[in-house]
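Thank you all for coming.

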Amino acid sequence: MVDFSEVFRVEKMRSGNPLVYLLKEQFGSFSASPQRVDMCDWIAKCFYQLEQYGDAGSWYEAAGRLILSEQSAPPTVKALTALDEYEKALECYGHGDDDGAFSECSTMIRRLKKACAPA
């Protein structure tokens, strides 16, 4: 007889943390940007804990892009807030082996720092 609880446990281990997949499903249901940014952060943290650094970095960058696309915030505030997300992404990429993502993220951070600098 098959022990289904054991099969489920093995499948869960193979697919990673099921919370990531639940959060990804929920992401699409939010329309407000702040909620979507929070969801991106949570998903990124889950991937980081699973040591899937490329995925974590991508989700932090997604949060940064959402912040930058916000219409109601002043550009300097958006740049400063997004900078934090991109710095988290860069840390993730530093743990991985995607030199291209690391380089692109570094470039974005330089642009955001320039946008935050007083004129």
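Let me start with a question: which residues in helix 5 meet which residues in helix 6? On the helix 5 side they are Thr76, Ala79, Leu80, Ala82, Leu83, Tyr86, Glu87, Ala89, Leu90, Tyr93 and Gly94, and on the helix 6 side they are Ala101, Phe102, Cys105, Ser106, Met108, Ile109, Leu112, Lys113, Ala115 and Cys116. When I speak of contact, I mean heavy atoms within 4.5 Å.

Residues are numbered from 1 along each chain as its sequence is written, and side-chain values use heavy atoms, with hydrogens and water left out.

For pLDDT itself, think of the predictor's confidence in each residue, on a scale from 0 to 100. The chain averages 82, and 75% of the residues score at least 70. Confidence is highest in helix 5, residues 75-95, with a mean of 95, and lowest in helix 1, residues 4-15, with a mean of 46. Over residues 1-14 the pLDDT stays under 50, and for that stretch the model has two contacts beyond four places in sequence. Where pLDDT is low, the predicted coordinates should not be read in detail.

Now to the overall layout. The chain has six helices and zero strands, where helices (H or I, at least four residues) and strands (E, at least two) are DSSP runs numbered from the N terminus. Of its 119 residues, 33% count as buried; buried means under 20% relative accessible area, exposed means over 50%, and partly exposed lies in between, with a 1.4 Å probe and protein chains only. Among contacts with a separation of 6 or more, 47% are between residues 24 or more positions apart.

Let me return to how the helices pack. The axes here are lines fitted to C-alpha atoms, for helices over the stretch in contact, and the angles run from 0 to 180 degrees between N-to-C directions. Angles under 35 degrees count as roughly parallel, over 145 as roughly antiparallel, 65 to 115 as roughly perpendicular, and the rest as oblique. The axes of helix 5 and helix 6 come within 9 Å and cross at roughly 155°, and these two helices are therefore roughly antiparallel to each other. Helix 3, residues 33-49, and helix 4, residues 53-69, pack at about 165° with their axes 8 Å apart, so this pair is roughly antiparallel as well. Helix 3 and helix 5, by contrast, pack at about 20° with their axes 12 Å apart, which makes them roughly parallel. In that last pairing, Val37, Asp41 and Tyr48 of helix 3 meet Glu85, Lys88, Glu91, Cys92 and His95 of helix 5.

Aspartate 41 is in helix 3 and, at 11% relative accessibility, counts as buried. Leaving aside neighbours within four places in sequence, aspartate 41 is in contact with Tyr60, Ala63, Glu85 and Lys88.

Glycine 57 sits in helix 4 and is buried, with a relative accessible area of 0%. The C-alpha atom of glycine 57 is separated by 4.0 Å from that of alanine 89, although the two are 32 residues apart along the chain. Not counting residues up to four places away in sequence, glycine 57 touches Ala89, Cys92 and Tyr93.

What about aromatic rings, and how many pairs does the structure hold? It holds one, and the rings of tyrosine 48 and tyrosine 53 have their centres 5.2 Å apart and their planes at 70°, so the pair is edge-to-face. Rings of Phe, Tyr and Trp (its six-membered ring) pair if their centres lie within 6.5 Å, and planes under 30 degrees apart count as stacked, over 60 as edge-to-face and the rest as tilted. Tyrosine 48 is partly exposed, with a relative accessible area of 28%.

Finally, glutamate 51 lies in the loop between helix 3 and helix 4, and has a positive phi of about 60° although it is not a glycine. At 57% relative accessibility, glutamate 51 counts as exposed.

Note on methods: This is a predicted model: local features need pLDDT of at least 70, side-chain atom pairs count only at pLDDT 80 or more; totals for chains, interfaces and linings use all residues.
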